[in-house]
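Please look over the sequence and the model first, and then follow the points below by topic.

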Amino acid sequence: MKGEKVNMKEILIWIFVLVLSLILNSCAPLVKTDLQSLKDNPEKYQGKIVIITTDIKSVFEAPGAYLGKKIELKGYVEYKGFRELRNWNFILKDKEGRSIRCYEREYRVEAWIIPVMAIRKAARNNEQLTVVGKLQKGLKIELDWIEYEGLTIDTDFKPFRVKIG
């Protein structure tokens, strides 16, 4: 099409990063477990990517036990279009009102609308959403992905750009 220009270098870099991440992530199997099982049999989980399934109440009561670990949480979304300079975020709450901030660093530099739409829909319909990511200090999770309505949405994904003009 006239006037459209595709930057092949950007596309090749994007493909390289995608292939490299697939290789690195496929080296170790992904397993889900609870915190107690991980503590009781740590050797069983050696060489694996471990996701600790838990709830907001447990993280709230003992954040140190989950700090720096990948966790999976389910909760209700409070989303009011939260955007900061380099972060995109929302609040995940349980029925008792305990909350954890979920964010994606540098997410909005190259926007991908799919996670935003899923989060808005979950908030609007007061439905639960599942998040997976690493727990940071201050009860916040740096997201890896979200799960909603049977979809797993990679929040780290940034689509490549097609330059026009």
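The model is a predicted one. Its protein chain contains 5 helices and 10 strands.

**Glu149 and its partner**

- Glu149 counts as exposed because its relative accessibility is 52%, and the cut-off for exposed is over 50%.
- The phi of Glu149 is near 50°, a positive value in a residue other than glycine.
- Most residues other than glycine have a negative phi.
- Glu149 forms a salt bridge with Lys121, and the closest N and O atoms are 3.1 Å apart.
- This pair links distant parts of the chain, since Lys121 belongs to helix α5 (residues 113-124) and Glu149 to the loop between β8 and β9 (151-154), 28 residues apart.
- Lys121 counts as partly exposed, with a relative accessibility of 29%.

- Leu139 is placed in the loop between β7 (128-136) and β8.

**The chain as a whole**

- The protein chain has 165 residues, of which 32% count as buried.
- Among contacts between residues at least 6 apart in sequence, 49% join residues at least 24 apart.

**Salt bridges**

- Side chains of opposite charge can pair when their charged atoms come close.
- The count of salt bridges comes to 6.
- One of them joins the side chains of Glu72 and Lys32, at 2.5 Å from N to O.
- That pair links distant parts of the chain, with Glu72 in strand β4 (residues 70-78) and Lys32 in strand β2 (residues 30-33), 40 residues apart.
- Glu72 counts as buried at 14% relative accessibility, whereas Lys32 is partly exposed, with a relative accessible area of 43%.
- The side chains of Lys70 and Asp144 also meet in a salt bridge, at 2.2 Å from N to O.
- Lys70 lies in strand β4 and Asp144 in strand β8, so this pair ties together parts that are 74 residues apart in sequence.
- Lys70 is partly exposed, with a relative accessible area of 27%, while Asp144 is buried, with a relative accessible area of 12%.

**The nonpolar core and Leu73**

- The largest nonpolar core has 29 residues.
- The residues with the most contacts inside this core are Leu73, Phe90, Leu129, Val131 and Ile146.
- Leaving out residues up to four places away in sequence, Leu73 touches Thr54, Asp55, Ile56, Val59, Leu92, Ile100, Leu129, Thr130, Val131 and Ile141.

**Thr54, a buried loop residue**

- Thr54 sits in the loop between β3 (49-53) and α3 (56-61).
- Thr54 counts as buried because its relative accessibility is 18%, and the cut-off for buried is under 20%.
- The side chain of Thr54 makes a polar contact with the side chain of Tyr66, at 3.2 Å.
- Not counting residues up to four places away in sequence, Thr54 touches Val59, Tyr66, Ile71, Glu72 and Leu73.

**Glu142, a buried strand residue**

- Glu142 is part of strand β8 (residues 140-148) and counts as buried at 17% relative accessibility.
- Apart from its neighbours within four places in sequence, Glu142 is in contact with Tyr103, Glu104, Arg105, Gly133, Lys134, Gln136 and Asp156.
- The C-alpha atoms of Glu142 and Arg101 are separated by 8.8 Å, and these two residues are 41 residues apart along the chain.

**A nonpolar patch on the surface**

- Met8, Leu12 and Ile15 form a nonpolar patch on the surface, and together they have about 300 Å² of accessible area.
- Ile15 has its place in helix α1 (residues 8-27).
- Ile15 is partly exposed, with a relative accessible area of 40%.

Notes
Residues numbered from 1 in each chain as written. Predicted model: local features only at pLDDT ≥ 70, side-chain atom pairs only at ≥ 80, totals over all residues. Heavy atoms only, no water. Patch = residues over 30% accessible without salt bridge, like charges linked within 9 Å, V, L, I, M, F, W, Y side chains within 5 Å. Areas by Shrake-Rupley, 256 points an atom, 1.4 Å probe, with all protein chains shown as cover. Salt bridge = Lys/Arg side-chain N within 4 Å of Asp/Glu carboxyl O. Helix = DSSP H or I, 4+ residues; strand = E, 2+ residues; numbered from the N terminus. Buried < 20%, exposed > 50% of the residue type's maximum accessible area, 1.4 Å probe, protein only. Core = buried A, V, L, I, M, F, W, Y, C linked by side-chain atoms within 4.5 Å. Contact = heavy atoms within 4.5 Å. Polar contact = N/O pair within 3.5 Å; in protein donor to acceptor, adjacent residues only side chain to side chain.
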